[in-house]
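Have a look at the model first, then work through the points below.

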Amino acid sequence: MARMPADTHCPYCALQCGMTVGADGEVTPREFPTNRGGLCQKGWTAGSLLAHPDRLLSPVVDGRVSSWDAALSYVGGRLRELQALHGPDSVAVLGGGGLTNEKAYLLGRFARVALRTSQIDYNGRFCMSSAAAAGNRAFGLDRGLPFPVTDLDDADVVVLAGANVAETMPPLMGHLGSARLVVVDPRLTPTAERAVGSGGLHLQPVPGTDLVLALGLLHAAVVSGAVDTDYLSSRTTGFDDAWRLAAQWWPERAERVCGVAAADMRTVVSWLAGSSRRYVLTARGAEQHAHGVDTVTAWINLALALGLPGTPGSGFGTITGQGNGQGGREHGQKADQLPGYRRIDDPAARAHVAGVWGVDPASIPGPGRSAVELIDAIGTPGGPRALLVFGSNLRVSAPDSARVASKLDALDLLVVADFLPGETARRADVVLPVAQWAEEEGTVTNLEGRVLRRRRALPPPPGVPTDLDVITDLAAELGYGGFPTTPRAVFDELRAASAGGPADYSGITYERLDAGESLHWPCPSTDHPGTPRLFLDHFAHPDGRARLVAVDHVPAAELPDDPYPLRATTGRVLVHYQSGAQTRRVDELVSISPENFVEVHPDTAARAGLADGGWAHVESRRGRVRARVRCVATLRPDTVFLPFHFGDDQAANLITNPALDPVSRMPEFKVAAVRLEPVSGNGRCSDHYRSRPAEAASAEGAA
Ligand SMILES: Nc1nc2c(c(=O)[nH]1)N[C@H]1C(S)=C(S)[C@@H](COP(=O)(O)OP(=O)(O)OC[C@H]3O[C@@H](n4cnc5c(=O)[nH]c(N)nc54)[C@H](O)[C@@H]3O)O[C@H]1N2
Ligand SMILES: Nc1nc2c(c(=O)[nH]1)N[C@H]1C(S)=C(S)[C@@H](COP(=O)(O)OP(=O)(O)OC[C@H]3O[C@@H](n4cnc5c(=O)[nH]c(N)nc54)[C@H](O)[C@@H]3O)O[C@H]1N2
Ligand code: SF4
Ligand SMILES: [Mo]
C-alpha cells in the first residue's frame, strides 16, 4: 500500500535519482547509488507540477469538458468505426520512454490484442534506437550500461562521445571524479570544461563526423600496438574486416574530415593504452545521426580492439536518456518487439507471448512502422487515421516539426493522455488527463538495467485515473476485458511474458524490490541475484563472441552549401527537460532559461550581422526557428547549437532533418544545414563565454 512520505525516484532522466516525496508533494533527496543524495534542479522542483494550475483534470472532447464515461465511449466508438472502414492498422499508438514498465507493457498488449494494430512505436526511436541496434549487433544484447554506474568511480580514463552529462545527468559527474576525461563534443560544454580542467582533453569534431574520429583512433591504436590481440582472438570475431576499412583512416586523414588534431587522437590512445580501468561511453551527440548505428559501432570497435567490454573494471556503454528509456525499449511498445526484448518476427517469441495473452500467435500483428515513418504515413493510402499518444509531446520533439504538425492535423482522431496541456495535447481531439509519477505505483529500469520501484506519495486529483486505468478501460470499450488492473498484477504478467527472453524479469518481484534488493535484469528466477555486470564470461551471441562490424565514413545526410553554409546541431540545457512540457511550467526553471537561444561563434555572428543578445532566425530547407544569439568564442565557427526544449516559433525541430538511419530508423537530430538571419537590429557580437581565455582571446570577433 501507499506509504506517505514515499521513497521513490525522480520523474525525469534515466539516472533515476533517489528522492522522498511527501504527501504534500515536497521532494527531498535520498541516498541512492546513482545520485548519492544529490539532485539536479529539475528533480528538486518536480513536485511543483503535482498541484500546478495548468494540470489537466477532466477529459476534453472536441474542445468541451466531458465525463469519463462519455469520453471513453466516444473514443471506443470512433476507433471501432475507423477500423471497420479502414482496417485495424488505421489506428496507431505512440508510447514513451517515460512510461513505467507496467504502462509500456500494457500499451503494447493493448495495441496488439485489443486494437489488433501493428502500428505502435514510441519516442525512444528518437533517443536510444541507434545505440540499441549497435549494441545488439555487437554484443547480442542491448543494456545501456552493462555495469553499475558505481564501477565508473574507479576509472582511470573515460571517453564520453557526444555526452554532456554535467548538464544532462549532473549527479553522474560525481562518479567520474577520479577519471581523466576525454569529451568529444563540437561545443566546450560544462562536461568538456571538466575534462580540460582535470588533465583530460576536449576533442571538437565537426558535427556528424564521430565515425571518422573513431576510425582514426582505432588506426592509432593498431599502429601503436595498443590493441589487445589475445582478447580479440578469444572473445571477438570480425576484426580483420573492420580493420580493412579503418586502415584507410590514418589520423592525419581522419583529421581532414573530423577536424580533431591527429596528435590529440594519438594522445587519447596512449592514455587508453597506458591505464587498466578504461571506459568508452556514447550518448545522443554521437548517436542521433542518419548513420548513428554505424557511428556507435565504430566506438564499439575501438572498445573491443582495446579489450574493454566484459572486462572487470573496464567497458563500453551508452548512456540511456529517459526515466524508463531502458525498460521502455524492452516490453513491447516498439514496432518490432514483444515483451522481454523479444523480436516480434520470431515465431518462438510470438508463441510464448501469445500464451501469456491467451491469444492465437497468428493473431499478433506486426512488425509495424517506426515512429517517423508512422507519422509520415498519416494521410497516405493505408496510413493511420487515428493516433493515441501516451507520453510524448511530438509536436515539439519530432524532427521537421512543421511537417509533423500538418500530419497530426490531417488525422481523423488524435487522442492524447497527459497530465499537462503540452503542444500536442492542446491540438488533440480528445485529451485524457492522467496521474503523475508521485501519484501512482510501478517500476522503471534505470540506465544500468536496474529495476526500481516508483511509489505513490499522494493520490491523484479527484476523478483523475492512471494510464493503466485508461488503457484497461479503453480495452473494455473495445470489447476486450481481462486486462490486469493493478500495477502489481500488470508487473506479474510482464514477468511471465518476459520469462526466457533477453530481458528476463521473471525473478523480479515487488516484494524483492520493496525489501531493498538491488536487481538488474536478466533475473530469471526469484532466487537469482540479478545481473549487475553482463558479458564477463561470454557475450550474448550464440557463439559467445562479440562482433566487430566493418564500418566506413558516411557524410551527414545534408551538408552545408552556399545558401545554407552552417551546420546546426541540437541538444539540451540543464534546467529543461525534453519538449519542455513539464519544465517550461516551473517558474524557478523558467527564470533561469526563459527562451530559446542559438550558440554562434563571434566571427560567424559578425558575418551574419548578428549581435549577442539579439534575436536571430536559424533557417534550414524545412523551416526557421527564432532564437536569441549567444556568442560563444569556443564554438566551432562552422557550427551553431540550439536546445530543443521550446515550442511555437522557437522550436528547434522546425529546422531538423528527418533523414533516417537505415537500421535503427532514428532521425538526424544532430546535423542540419542552416543559415542565420537577424530578426531585427544589428550590432557587434560580444563574447558571452570566457571560460577558455586562450581561445576567447584569439577569436577575432570577440568584443
Ligand atoms: N537537462 C536535461 N537532462 C536530460 C534531458 C533533458 O532534456 N534535459 N533528457 C534526457 C534524455 S531523454 C536524454 S536522451 C539524455 C541526452 O543526454 P546527452 O546526450 O548528454 O544530451 P544532448 O545535449 O542531446 O547531446 C550531448 C552533446 O552532444 C553534442 N553533439 C552535437 N552534435 C554532435 C556530434 O556530431 N558529435 C558529438 N560527439 N557530439 C555532438 C552536443 O553539443 C551536446 O553537448 O539526457 C537526459 N537528461
Ligand atoms: N532537435 C532535437 N529533437 C529531439 C532530441 C534532440 O536531441 N534534438 N532528442 C530526442 C530525444 S532523445 C527524446 S527522448 C525525445 C523526447 O521528447 P518527447 O517524446 O516529446 O518527451 P517529453 O517532452 O518528455 O514529453 C513527454 C510528454 O508526456 C507527458 N508525460 C510524462 N510522463 C507521462 C506518463 O507517465 N504518462 C503520460 N500519459 N504522459 C506522460 C509529459 O507531460 C509530456 O507532455 O525528443 C527527441 N527530440
Ligand atoms: S539527474 Fe536526472 S534523475 Fe537526477 S534529479 Fe536530475 S533529472 Fe532527476
Ligand atoms: Mo532521449
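A polar side-chain atom of K670 sits 2.9 Å from an oxygen atom of ligand 1, a polar contact in the sense of a pair of N or O atoms within 3.5 Å. On its own, ligand 1 exposes 910 Å², and the protein buries 99% of that (accessible areas by the Shrake-Rupley method with a 1.4 Å probe). Keep in mind that this is a predicted model, where local features need pLDDT of at least 70, side-chain atom pairs count only at pLDDT 80 or more, and totals for chains, interfaces and linings use all residues. Residues are numbered from 1 along each chain as its sequence is written, ligands are numbered from 1 in the order in which they are written, and side-chain values use heavy atoms, with hydrogens and water left out.

**Ligand 1**
- Ligand 1 has 32 residues around it, with D185, D210, R572, H576 and Q578 the closest (a residue counts if one of its heavy atoms lies within 4 Å).
- By class, that shell has 10 nonpolar, 14 polar and eight charged residues (Ala, Val, Leu, Ile, Met, Phe, Trp, Tyr, Cys and Pro count as nonpolar, Asp, Glu, Lys and Arg as charged, and the others, Gly among them, as polar).
- Domain 3 (129–321) and domain 4 (566–701) each give at least three residues to the shell around ligand 1; domain bounds come from an automatic or database domain assignment.

**Ligand 2**
- K670 turns up here as well, with an N or O atom in its side chain 3.0 Å from an oxygen atom of ligand 2.
- The protein covers 96% of the 910 Å² of accessible area that ligand 2 has on its own.
- Of the 28 residues around ligand 2, N123, S392, S397, D418 and S579 come nearest.
- The shell around ligand 2 splits into 10 nonpolar, 13 polar and five charged residues.
- Domain 2 (60–127 + 324–440 + 442–485) and domain 4 (566–701) each supply at least three residues to the shell around ligand 2.

**Ligand 3**
- Residues around ligand 3 include C10, C13, C17 and C40, along with K42 and P170.
- That shell has eight nonpolar, two polar and one charged residues.

Methods: Polar contact = N/O pair within 3.5 Å; in protein donor to acceptor, adjacent residues only side chain to side chain.
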